[in-house]
Each structure stands twice: as structure tokens, then as C-alpha cells.
Amino acid sequence: MREDRYRMGFHLMPPQGWLNDPNGLCRFGGEYHVFFQYAPGWPRCGQKCWGHYISADLVNWRFAGTALRPDRDFDRDGVYSGSALVGREPEGRQNMRIYYTGNVKLDGDHDYVDSGREANVIYTESADGIHFSEKQLLLTHEDYPPDYTCHVRDPKVFFENGSYYMVLGGRKRGGVSRQRKDYGAVLLYRSADGMKWELNREITTPEPFGYMWECPDLFSMAQQTVLSFCPQGLKAELYRFQNTDQSGYVRLDGETVNTANFTEWDMGFEFYAPQTFEDEQGRRLLIGWTGLPDTPYENPTGECGWLHCLTVPRELTRGDGGILQNPAAELQQLREDGQTYTGDSAAMNTGDFSFWLQTERIETDRFQISMGDHLFLKYENKVFTWEFPDGKTEAEDWGRGRRIRRMKLEKLTDIQVLCDHSVLELFVNGGSRAMCGRFYPEVLKDGCTIRIQGCGSRAVTHFWHMKAMEVREDETLIGNRGSTD
Ligand code: FRU
């Protein structure tokens, strides 16, 4: 085992094993519940369960072990992604309703697109957020429209105007010729009681926009309906769709999706499968997976027995040009040792790569933040880039296969950089664009210099060290819930 210097201080990560999508996000009984796709036995066993974190304030967390595991025939190959809906029972008691995909892979000679896979909608509920009722099978493959392949999954459920609604991501069959043109689509179901579901409508595009849409989410924000989804199979372009799979949103006006309005949530190296929820204050928070299904880059933490993390909770608000994302205000409690600089340039030092940097009132058309000689954030010719120079040795190559991500930006007015040991999230122009991804810095004896240049004379830069969140393993819960290995 190598020294584990890449563990994060203020991003949720698996205590051990594998993490992917955030699931079942909700505020329930005065606490936030963050479930996630979790394979605690990884790399030996990759079977997906739901891991569970709980927090009252988004900075003090309890790891509550494995909440749901594949233990029935209808979910035997994985408790896949899904959502939570907090309901009120007639007697006023709250309950947490969980809907997820039970993944089944059949033995035999299958392509697992047209045959061999079952994706069931499963339901379970909890009165305390900890103990779950007997699982119930709500929908099976037979219930989906016949022109869909086996890929239908990731229920996100919400309640509106007296009805329950559920969106499911799908891969619609576009013909079974060799050059099959499968379509990404969303199936919208409706229900009076949250248990018996009927197909309400399909949401898709006239021409395929990716062959599969995963992890859909439908919500309203400032009187607009927003559909978020993760299209797979879009062709990479210089300034768009730079990752293997994408994740973004559109404003939904009618039955079809206008892909010209598709806005990527994040333009960094890895971001996928985000989910949103509303808390008691009426804030809509988004958490994404800082990872992607099939990336060509390396993640050396595998050698320490864990992989991937979640983004910080991002608060969504409506801006002029689209949705703004900003780190949830609670995270500011972790700031310490603040320093302020004014003017065109500043230089700071970090020993542990745990900091929050914020520059406001930028007036420039050429700007740069560098971390040593190994990581550069640049703004030039109306393009913002995150770059890792091609390092010769492992110590020099902080990107481990990541090279450059670009976004077009008419102007740059402000930037926030949240750096947490081996993950970086940045937000520019009031949160109108975001980038997140991993990096693997070498620890330097005298720390690492972070240099900002070209902000303009009126700029103000704040720099804070970030304390780690309190993350406690709840031994009683973990013990009661048992181990999956
Ligand atoms: C997205 C996804 C989901 C699926 C889950 C399985 O990353 O592929 O569609 O439910 O991961 O872990």
C-alpha cells in the first residue's frame, strides 16, 4: 500500500472501495441523507450497493455503512441508482420513500442491449431513514414501451399538484441494423399513490442526441421546468462534450428537447450523474459524481483501496443566462487563516492542497492561476482552460492522463477554486460555469506556490486554508447493517 495522501477533507468519498453516482439525496427528519453507488468490496467484488452518509449541517457527517444491498432476485446484480422522496403520512409522520433500479444480468449468450438485462423499479421505505421496509417490485421490463432496449434505469421521483411523477432514463431502439441508431430518452411515469405507475409521456429528441440517457432529473426552478440528464455517445468537440459521457440540462418547453439549449453542468475532466433535491429552506442543491464511467485517465488511489468522490453540494439559483452553481454556504465554516490581496497578482503557499481561493472584480482579458509548474488555469482569447503540462515523471505529471479542458467565456469577472488534496472544483462568473476534476500533486518540501497573475488592478483575492469536515464512522449502524464482503 502506498501512502494515502490523496484522501479528501471536504468531499465525501468512500471509506474504502468504489463510489459512483449520488443517490437518494434528501433532507429528512432534520438531517441530510446522501446515499451513493458503493462497492465496498471493490476491487475484489464490484457489486453495487447504496452507501450512506448523514449530516445535519453538511460539514459534520456520519458514515452509516451500507443501507441497501442486492439481496433479492429482482436486484441480484446491483442496487443501482435511484432517488428518495420525503412524504408525509396521513398521521403527520414523515417517511422516506426510496425508488431504485434493481439490476439483473441473465446468464447466456446475450448482447445485454436487446437481451440479457432486466432493470426493475424497486421500492422501499423508512420511517427513520435507517431501517428499510421489505423491498417491493413496482415495474419490470415488461412494463416499459416495447421499442426500448434493456437499458431503462435510474428512477427520480417527485410529487407535484397531487400526483407522483417518475423519470427513468432509457435507450430507445432505433432499428437493429448494424448501424443501429439508438436514441437516448426519458420516460415520464405518473401515479396517484406512488406505487402503481402509468406511462405519461416520453421525452426525447427528433434525431438521436446520444444513444442512452442516464440519471434523469426533472425539477422546476423560477417557474421553469428543467430536465437534467446524462447523454452517452455524443461526439467530442473542441469546446463541448469533451468527456467520454456528458451531463447537462435543458429548459423543457414541450414534448421534445431542443438540444441547442443543452448546457453542460460542468466543463472539467470528470463530472457525471448529478442529482438535485430541495431542502427545508427551499434551496435546490446538486451533488455530482467526480468520476466518469470509462475514462482513459489514471486514479492512483486505487492502490490505496478506494476510488472516486462526490462534488461538494452546489446550490443552484437562476441567473440571467442559465442556472448558477455555487458551493453550499455551509462550507465556508471550514475556512481558516484567511488572507486578502489586492491588485493584479498574488502568490500564496499551500502545504496540503486544501484551500479555497476567490478572486473578485477581475478586469482582464488574460489571466492565469498556476500551481507550481504542474497545473494551470488560464483565460486568454475568450477561452478558459484547465491544463496539465505533459510531465516526464509521475511526480511531474499531476494530471495522470488528463491534459486540457476548455470553455468559451466572453469575459471573466470572478473565480472560486476549491482545492481538496486531489480534487479541484472551480466556479467562474458568479457560478455560471463550473469545472471539476481530479489531480495528483506531489507533496513538496516547502509547499506549493499558487500564483495568480493578470487580474487587473481593482481585483481582490481571498485565500483560506480549508479544515477537514468531521466524518465519523457510525460503528453501531455499520455493525447493525453488516458487511457486504
Ligand atoms: C451512471 C450509472 C447508472 C446506474 C449506475 C450503476 O453512472 O451507470 O445509470 O444506475 O451508474 O452503478
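# Briefing: a predicted all-chain fold of strands and sheets

Six bridges connect β30 with strand β31 (residues 423-428), and the two pair in the antiparallel sense. Two strands are taken to pair if DSSP finds at least two bridges between them. Strands (E, at least two residues) and helices (H or I, at least four residues) are DSSP runs, numbered from the N terminus. The structure is a predicted model, in which local features need pLDDT of at least 70 and side-chain atom pairs count only at pLDDT 80 or more, while totals for chains, interfaces and linings use all residues. Residues are numbered from 1 along each chain as its sequence is written, and side-chain values use heavy atoms, with hydrogens and water left out.

**Overall architecture**

- The protein contains one helix and 35 strands.
- Its radius of gyration is 22 Å, close to the 23 Å given by the globule rule for 485 residues, so the protein is as compact as a globular protein of that length. The radius is taken over C-alpha atoms, and the rule is 2.2 Å times the number of residues to the power 0.38.
- Along the principal axes, the C-alpha atoms fill a box of roughly 60 × 50 × 45 Å.
- Buried residues make up 59% of the 485 in the protein. The term buried denotes under 20% relative accessible area, exposed over 50%, and partly exposed the range in between (1.4 Å probe, protein chains only).
- Among contacts with a separation of 6 or more, 62% involve residues 24 or more positions apart. A contact requires heavy atoms within 4.5 Å.
- The accessible surface is about 19700 Å², and carbon and sulfur atoms contribute 44% of it. Areas come from the Shrake-Rupley method with a 1.4 Å probe; for residues, only the protein chains shown count as cover.
- The mean positions of the 55 positive and 72 negative charges are 3 Å apart. Lys and Arg count as positive and Asp and Glu as negative, whereas His and the chain ends are not counted. Each charge is placed at NZ of Lys, CZ of Arg, CG of Asp or CD of Glu.

- Strand β25 (residues 354-360) runs antiparallel to β30 and is joined to it by six bridges; Ser 354 has Asp 420 as its bridge partner.
- Asp 420 also stands opposite Val 423 in β31.
- The hairpin of β30 and β31 has two residues between the strands, and His 421 in the turn has a positive phi of about 65°.

**Open sheets**

- A four-stranded open sheet with antiparallel pairing has the order β13-β14-β15-β16. Here β13 (212-221) and β16 (263-264) stand at the edges with a single partner strand each, so one side of each is without a neighbour in the sheet.
- Two bridges join β15 (residues 248-251) to β16 in antiparallel fashion, and Tyr 249 is the bridge partner of Thr 263.

**Thr 259**

- Thr 259 lies in the loop between β15 and β16 and is partly exposed, at 25% relative accessible area.
- Leaving aside residues up to four places away in sequence, Thr 259 touches Thr 205 and Phe 209. The C-alpha atoms of Thr 259 and Phe 209 are separated by 7.5 Å, although these residues are 50 apart along the chain.

- Strand β9 (residues 148-160) is mostly covered, with 11 of its 13 residues buried.
- Eight bridges join β9 to the antiparallel strand β10 (residues 163-172), including the pair Lys 156 and Val 167.
- Two residues separate the strands of this hairpin, and Asn 161 takes a positive phi near 45°.

- The peptide bond from Trp 42 to Pro 43 is cis, with omega near 5°; Pro 43 is in the loop between β2 and β3 (49-55).
- Ala 273, in strand β17 (residues 272-278), has a positive phi near 50° despite being a residue other than glycine, and is buried at 2% relative accessibility.
- Arg 400, in the loop between β28 (383-387) and β29 (404-408), has a positive phi of about 45° although it is not a glycine. Arg 400 counts as buried at 4% relative accessibility.
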